[in-house]
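Please open the model in your viewer and keep the sequence panel beside it. The tour below goes from one selection to the next and says what can be found at each stop.

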Amino acid sequence: MDIIPATIDAPTLPFPEGKRPMAGRHALPISADPEAPTRLSWSHRKPETPLTLRFTAALDARVPHHVLVSNSATGELYGTIEALYACPGQVFELALTGEQSRNALRDGLSLSLPNAWPPLWIVAPGPNASAPLLPHLYPDSAPATLENFLTLFCSDASLQPCDWMEVCVLDGLQDWTSLGRKDAREALALHLDTFFHPGTGQRENMFGNPCHREPPGAESTGPYAILASIEPNHTDLGLADEGFKKNRHPDLGTIGTERIVTESNYNIAYPMMVMAIKAGRPHLRDRALLQLETARRLLADTDNLYLRHHIASGERTFCNWSRGIAWYFVGLVRTLALLPENERPETLVAEAGRVAAWVTRHQLSRGLWPCFLKENDIPPDTSGSAGIAAGIAMGIRHNLVDPTFLPVAAKTRDLAGHIKVHHLWSHQSAPLRMRF
């Protein structure tokens with residue numbers, strides 16, 4: 001059970017000019033002023049187990065915040081939360097000992113910054129801020145089950161910046177809706193209304209800048225795929241059309257005036273194909289396939305996949321980044337799956353099979369992939385691993401990948417079941433993309 005503070009006392013500071021919290025949320029600051037810490041106080045007094053402090057970032061932060069967590073009465077330092085380059089919706093936490101937990105409930109906690117960085121803004125009570133998003137203490141005893149994860153996932157807790165992050169959530173909610181989950185259907189409606197409702201919806205980019213009436217770009221059009229699927233006549237689809245015009249390369253005919261990126265398989269080709277099939281824009285069908293084919297030609301070779309191809313120079317960068325591979329692979333599969341099998345280009349079907357075989361050769365023994373494939377001495381990446389495994393599983397489901405690769409995806413899924421649910425969630429990575 002989340003133990004919400006009875007009172008939160010934060011300094012009154014001006015919110016950064018030109019920005020706003022994501023999804024209409026309210027925000028409060030943690031500042032570097034030692035005389036004005038953010039204080040959390042509880043009426044609950046008897047923890048049954050050691051507790052963990054959690055809070056959620058409300059605004060993008062481009063500095064390495066280190067949040068000092070201290071006893072409000074004694075000043076004793078309990079630990080430091082490294083909120084490094086926070087992203088809206090990202091969860092941070094600090095585990096307390098049993099004694100610290102008892103004293104925190106008795107005396108309260110003070111949060112402050114040790115240096116002169118700008119304040120860190122965290123989610124405060126208000127709209128789209130259910131209990132798991134607020135500053136709170138919770139017992140580290142919840143079992144790591146899929147159902148516990150889905151309870152969080154199918155709620156406002158999974159709202160992400162409306163770009164390449166939110167499309168993963170929307171796809172997952174749509175998939176779980178198709179499997180009959182009522183809370184997934186309700187959460188899907190909440191997410192779409194939050195960003196696209198004609199009267200109240202609003203979008204911010206990942207930096208916290210309002211962008212509601214701006215055409216989306218190569219890394220932010222993905223959510224329009226789900227919007228087109230659910231509401232094919234929605235007026236905001238016109239913004240996607242504008243983005244396709246604004247960002248079209250005059251020679252290649254693809255989206256991206258300066259570079260081709262793997263994200264565009266998922267964030268351009270996929271929404272283009274959905275809009276072509278379900279929203280009365282058939283001319284986008286061939287453009288979606290062109291986007292995939294251009295990415296295959298410019299970003300992939302027999303043993304490497306690059307995140308970016310810079311059109312002017314021909315330079316390719318971020319070789320074999322697992323998250324880039326996930327964007328490429330999931331976007332390829334999601335887009336081709338929308339077409340009848342006899343209308344899928346042979347080169348792209350072959351590419352889906354090739355990628356599945358290639359990533360399989362580089363899977364680590366426990367079921368994940370390194371942050372950069374083939375560099376096994378660096379830690380694995382849960383986001384990239386979940387996306388790669390989901391690409392394999394979805395490819396098999398839609399007859400794009402050989403079924404013999406299913407154990408590769410299942411190995412990743414099975415590993416997730418042995419990792420604490422709250423740990424996966426707090427890194428805002430694997431669960432948002434594990435959709436088998």
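For the angles and distances quoted on this tour, an axis is a line fitted to C-alpha atoms, taken for a helix over the stretch in contact, and the angle between two axes runs from 0 to 180 degrees between the N-to-C directions. Please keep in mind throughout that this is a predicted model.

**First stop: H5 and H6**

Begin by selecting residues 223–230, which form helix H5, together with residues 237–246, which form helix H6; the axes of the two helices are 10 Å apart, and the angle at which they pack is about 135 degrees. That angle makes H5 oblique to H6, and the crossing in which H5 passes H6 is left-handed. To see where they meet, show the side chains of Tyr224, Leu227 and Ala228 on the H5 side, and those of Leu237, Leu239 and Ala240 on the H6 side. Sorted by class, this contact of H5 with H6 has six nonpolar residues, with no polar and no charged ones.

**Second stop: Asn265**

Next, select Asn265, which lies in helix H7, residues 263–278. Is Asn265 buried or exposed? Its relative accessibility is 1%, and because buried means under 20%, Asn265 counts as buried. From the side chain of Asn265, look for the backbone oxygen of Tyr328, which is reached at 3.0 Å. If residues up to four places away in sequence are set aside, Asn265 also touches several others, among them Gln291, Leu292, Trp327 and Thr335.

Now move to Phe318, which is found in strand S14, residues 316–319. Most residues other than glycine have a negative phi. Phe318, although not a glycine, has a positive phi of about 55 degrees, and with a relative accessible area of 38% this residue is partly exposed.

Finally, select helix H11, residues 382–397, and helix H12, residues 406–416, whose axes come within 9 Å and cross at roughly 140 degrees. H11 and H12 are therefore oblique to each other, and their crossing is left-handed. The contact is made by Ser385, Ala389, Ile392, Ala393 and Ile396 from H11, and by Leu406, Val408, Ala409 and Thr412 from H12; by class, these comprise seven nonpolar, two polar and no charged residues. In the loop between H11 and H12, pick out Asn399, a residue other than glycine whose phi is positive, near 60 degrees.

Note on methods:
Residues numbered from 1 in each chain as written. Predicted model: local features only at pLDDT ≥ 70, side-chain atom pairs only at ≥ 80, totals over all residues. Heavy atoms only, no water. Helix = DSSP H or I, 4+ residues; strand = E, 2+ residues; numbered from the N terminus. Parallel < 35°, antiparallel > 145°, perpendicular 65-115°, else oblique. Left-handed = near helix turned anticlockwise from the far one by under 90°. Contact = heavy atoms within 4.5 Å. Nonpolar A, V, L, I, M, F, W, Y, C, P; charged D, E, K, R; others polar. Buried < 20%, exposed > 50% of the residue type's maximum accessible area, 1.4 Å probe, protein only. Polar contact = N/O pair within 3.5 Å; in protein donor to acceptor, adjacent residues only side chain to side chain.
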